[in-house]
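Hi,

Here is the model I promised to send over. Have a look at it first, and then read on for what I found.

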Amino acid sequence: MIDDESMVALIRATIPDAQVQIWDRTGTMDHFDVLIRSSAFAGKSLLDRHRLVEKAVKPARDDGRIHALAIRTDLLES
Amino acid sequence: MSDPIRSEIDREIADNTILVYGKGTKDAPQCGFTLETIQFFNAFGYPFEVINVLENMPKRAALSEMTDWPTLPKVFIKGQFFGDTDILGPMAHNGELQAVLDDAFAGRNIKPTIQLR
């Protein structure tokens, strides 16, 4: 279980300019959809964008705070 | 290449044009994303295989390492890694995936049973 603020902080620790939208899919605060906009996605394939996001949330994956995460990314023009 | 887990994975990827490593089986998926991936490929109508690695931690670790992708399911098409439906969904939407699948099954006389509009 993770609240929105902690999730955003976690993502921004790796992707500082991330604009994050979070949807709690199940009301249990551990299954989420996220939409992340960032300039860090420039020149990255969809696979690499998702690898970057997964790297950011890894601590919460590892300790079980996030059980499921569907990721969408959008390039933020800088 | 003497690693038996890696050899097993290589063989499975070579044997299945569309291969999903997931949690549970086609008939009894044990994870929402695995179910979603099965439904996704059902809609395309091409044959695909699901291999259940839920309980097989060494194999999951080997798969994560070789793909640099920590989560399940993991989808391979003609030997190439495509992540999950977060990747495949947008690719289906812009037509890219149809081209990948047409190429993967080209000359194999396998036609999809359902055509997407």
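This is a predicted model: local features need pLDDT of at least 70, side-chain atom pairs count only at pLDDT 80 or more; totals for chains, interfaces and linings use all residues.

At roughly what angle do the axes of helix α2 (residues 46-62) of chain A and α4(B) cross?

**Where the chains meet**

The angle is roughly 150 degrees, and the two axes come within 10 Å. Anything over 145 degrees counts as roughly antiparallel, so that is how α2(A) and α4(B) run relative to each other. Their crossing is right-handed. If you want to find the spot on screen, look for Leu46(A), Leu47(A) and His50(A) on the α2(A) side, which meet Asp86(B), Ile87(B) and Pro90(B) of α4(B). Sorted by class, that helix contact has four nonpolar residues, one polar and one charged.

Zooming out to the whole interface, ten residues of chain B are in contact with ten residues of chain A. On the chain B side, α2 (32-44) and α4 (85-93) each supply at least two of the residues that touch chain A. The most comes from α4(B), which gives three. The side of chain B that touches chain A has five nonpolar, three polar and two charged residues.

**More on α4(B)**

Thr85(B), Asp86(B), Ile87(B) and Leu88(B) are buried in it. What do the buried residues of α4(B) pack against? In chain A, they pack against α2 and β3 (68-75), and in chain B against α2, β3 and α5. Just after the helix, Gly95(B) takes a positive phi of about 90 degrees.

**The cores**

The largest nonpolar core has 22 residues, and Leu19(B), Val20(B), Tyr21(B), Val75(B), Ile77(B) and Phe82(B) touch the most other members. The largest share is from β1(B), with four residues.

Take Leu19(B) as a way in. Leaving aside neighbours within four places in sequence, Leu19(B) is in contact with Glu12(B), Ile13(B), Glu49(B), Ile51(B) and Phe76(B). Apart from this core lies another one, of 18 residues, including Ile11(A), Ile15(A), Phe32(A) and Leu69(A).

How do helix α1 (residues 4-15) and helix α3 (residues 57-67) of chain B cross? Their axes come within 10 Å and cross at roughly 70 degrees, so α1(B) and α3(B) are roughly perpendicular to each other. Here too the crossing is right-handed. From α1(B), Ile5(B), Arg6(B) and Ile9(B) meet Pro58(B), Lys59(B), Ala62(B) and Leu63(B) of α3(B). By class, this contact has five nonpolar residues, no polar ones and two charged.

**One loop residue**

Finally, Asn56(B) sits in the loop between β2 and α3 of chain B. Is Asn56(B) buried or partly exposed? With 14 other C-beta atoms within 10 Å, Asn56(B) is partly exposed. The C-alpha atoms of Asn56(B) and Lys23(B) are separated by 10.0 Å, although the two residues are 33 residues apart along the chain.

Cheers

Notes: Residues are numbered from 1 along each chain as its sequence is written. Chains are lettered from A and ligands numbered from 1 in the order in which they are written. Two residues are in contact if their C-beta atoms, placed from the backbone, lie within 7 Å. Ala, Val, Leu, Ile, Met, Phe, Trp, Tyr, Cys and Pro count as nonpolar, Asp, Glu, Lys and Arg as charged, and the others, Gly among them, as polar. Axes are lines fitted to C-alpha atoms, for helices over the stretch in contact, and angles run from 0 to 180 degrees between N-to-C directions. Angles under 35 degrees count as roughly parallel, over 145 as roughly antiparallel, 65 to 115 as roughly perpendicular and the rest as oblique. A crossing is left-handed if the near helix is turned anticlockwise from the far one by less than a right angle, and right-handed if clockwise. A nonpolar core is a set of buried Ala, Val, Leu, Ile, Met, Phe, Trp, Tyr and Cys residues joined through C-beta atoms within 7 Å. A residue is buried if 20 or more other C-beta atoms lie within 10 Å of its own, exposed if 12 or fewer, and partly exposed in between; C-beta atoms are placed from the backbone.
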